[in-house]
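Here's a quick briefing to read with the model open beside you. Grab a viewer and follow along topic by topic.

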Amino acid sequence: MVNRSPRLDADYILPLKWSGETGLPELVGYLEVLSRYVRVLVVDGSPDELYSSHEEAFPAGVGHCRPRHPECRNGKVNGVLTGLDAADGKYLIIADDDVRYTPAQLRRICALLEDADVVRPQNYFASGSPLPWHARWDTGRTLLNRAFGSDYPGTLAVRTEVLRRTRGYSGNVLFENLELLRTVAAAGGTELRADGLFIARLPSSTAQFFGQRVRQAYDDLAQPVRLAAELSLLPLLWRTARRPGRLTAFAAACSVAAEYGRRRNSGRQVFGPMSALWAPLWVLERAVCVWLAVQWRLRGGMPYAGERLKTAAHSVRRIRRLLRG
């Protein structure tokens, strides 16, 4: 069936760095659909052999190039800034390689950018039923984030001219999405938290899941209030470990909070009825991993893709000073 809808005035930037070919046919099919609605650029930092394989497999309408900002120690930011250099559209949709937009969602997020400078949608795991255990575990984190604010997804949409005016954002931080959001705020831009715009993402492998535990906790070093709350969890759990009643009450409170997050902004349409029960396990994980993250900070930074990144993200005040300078 031929697409008769007008193409959106947007560029879809997909930073990519693979070490294997698993999932390539599915990605190629997704890019083929995407390219009918938006301009697509894959900024590919994969090894040469894989880069050549991707070049042959990707649809003709999909741009494909190497990252061109070696000053960025964070490879994703390198990819985004490379895409920014090449962008022609009014809007920029930035997405990890596991994020899956539908055409309707592309149109919706571009429409939301008419009234905002950056839009933060909501990701959820979707790969059939049942989800892998680790995807359900990580959904507990998502629901708690929704209960106390908003989640941080693997995709953002931003006005191209805003990022060009700020000359991009720092490529030497670990929590690059927060850095982008704070850069827009420091420049006087507005953020829209679209907690009811649900964009699917594919679950990671089990190995990747385990590799992300401490790294994700390290992100909280950029959020002092949240960091203090999470650092208090392990002493709290230690004190209640000998009192099963209190421990049960704490676990129940975590699940109730997560259930509230599941129900907010029509979340029940994508988050299953048992999702909130995984929240206590994630809290236990974070109670341990946040202390390991602090240890990495004291040792000079978190290892990430062959680099060691010390800063999770800069404050809005610091970014504002840098922009003025």
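For sorting residues by type, Ala, Val, Leu, Ile, Met, Phe, Trp, Tyr, Cys and Pro count as nonpolar, Asp, Glu, Lys and Arg as charged, and the others, Gly among them, as polar. This is a predicted model, where local features need pLDDT of at least 70 and side-chain atom pairs count only at pLDDT 80 or more, while totals for chains, interfaces and linings use all residues. Residues are numbered from 1 along each chain as its sequence is written, and side-chain values use heavy atoms, with hydrogens and water left out.

**The pocket**

- The second largest pocket has a volume of about 540 Å³. A pocket here is an open set of points on a 1 Å grid over the protein atoms alone, where a 1.4 Å probe fits, with protein on both sides within 12 Å along at least five of seven lines. The volume is the space filled by probe spheres set on the points, which are joined across faces, edges and corners.
- It has 18 lining residues, and L144, N145, F148, R226 and E230 are the closest to its centre. To count as lining, a residue needs an atom within 4 Å of a point.
- The lining of this second largest pocket splits into 10 nonpolar, 4 polar and 4 charged residues.
- Helices α5 (133-148), α10 (224-231), α12 (244-263) and α13 (279-298) each give two or more residues to that lining. Helices (H or I, at least four residues) and strands (E, at least two) are DSSP runs, numbered from the N terminus.

**The sheet**

- 8 strands make an open sheet with mixed pairing, in the order β3-β2-β1-β4-β7-β6-β8-β5. Two strands pair if DSSP finds at least two bridges between them.
- The edges are β3 (62-65) and β5, each of which pairs on one side only.
- β1 and β4 run parallel and are joined by 4 bridges. Along this pair, A10 stands opposite Y91, and Y12 stands opposite I93.
- β4 also has 5 bridges to β7 (residues 155-159), this time antiparallel, with R159 as the β7 bridge partner of Y91.
- β6 (residues 118-125) and β8 run parallel with 7 bridges, and R120 stands opposite R193 in β8.
- β5 (residues 99-100) runs antiparallel to β8 with 2 bridges, and R100 has A200 as its bridge partner there.

**Buried parts**

- How many residues of β4 are buried? 5 of its 5 residues are, where buried means under 20% relative accessible area, exposed over 50%, and partly exposed in between (1.4 Å probe, protein chains only).
- Both faces of β4 are covered, with Y91, I93 and A95 on one side and L92 and I94 on the other. In a regular strand the side chains alternate between the two faces of the sheet.
- The largest nonpolar core holds 34 residues, and Y12, L31, I93, Y101 and L106 touch the most other members. Such a core is a set of buried Ala, Val, Leu, Ile, Met, Phe, Trp, Tyr and Cys residues joined through side-chain atoms within 4.5 Å.
- Elements supplying at least two residues of this core include β1 (10-16), β2 (39-44), β4 (91-95) and α4 (103-112), while α1 gives the most, with 6 residues.
- A second, separate core has 21 residues, among them V80, A87, V118 and L181.
- Beyond four places in sequence, Y12 has contacts (heavy atoms within 4.5 Å) that include Y30, L34, I93, Y101 and L106.
- D138 sits in helix α5 and counts as buried because its relative accessibility is 6%. Leaving out residues up to four places away in sequence, D138 touches F125, F209, R213, Q216 and W282.

- Most residues other than glycine have a negative phi, and most peptide bonds are trans.
- R167 has a positive phi, near 60 degrees. R167 lies in the loop between α6 (160-165) and α7 (176-186), and counts as exposed because its relative accessibility is 64%.
- A305 also isn't a glycine, yet has a positive phi of about 50 degrees. A305 lies in the loop between β9 (302-304) and β10 (307-309), and at 58% relative accessibility counts as exposed.
- E307, in strand β10, is partly exposed at 34% relative accessibility. E307 touches R73 and M302, not counting residues up to four places away in sequence.
- The C-alpha atoms of E307 and N172 are separated by 9.7 Å, with the two residues 135 apart along the chain.
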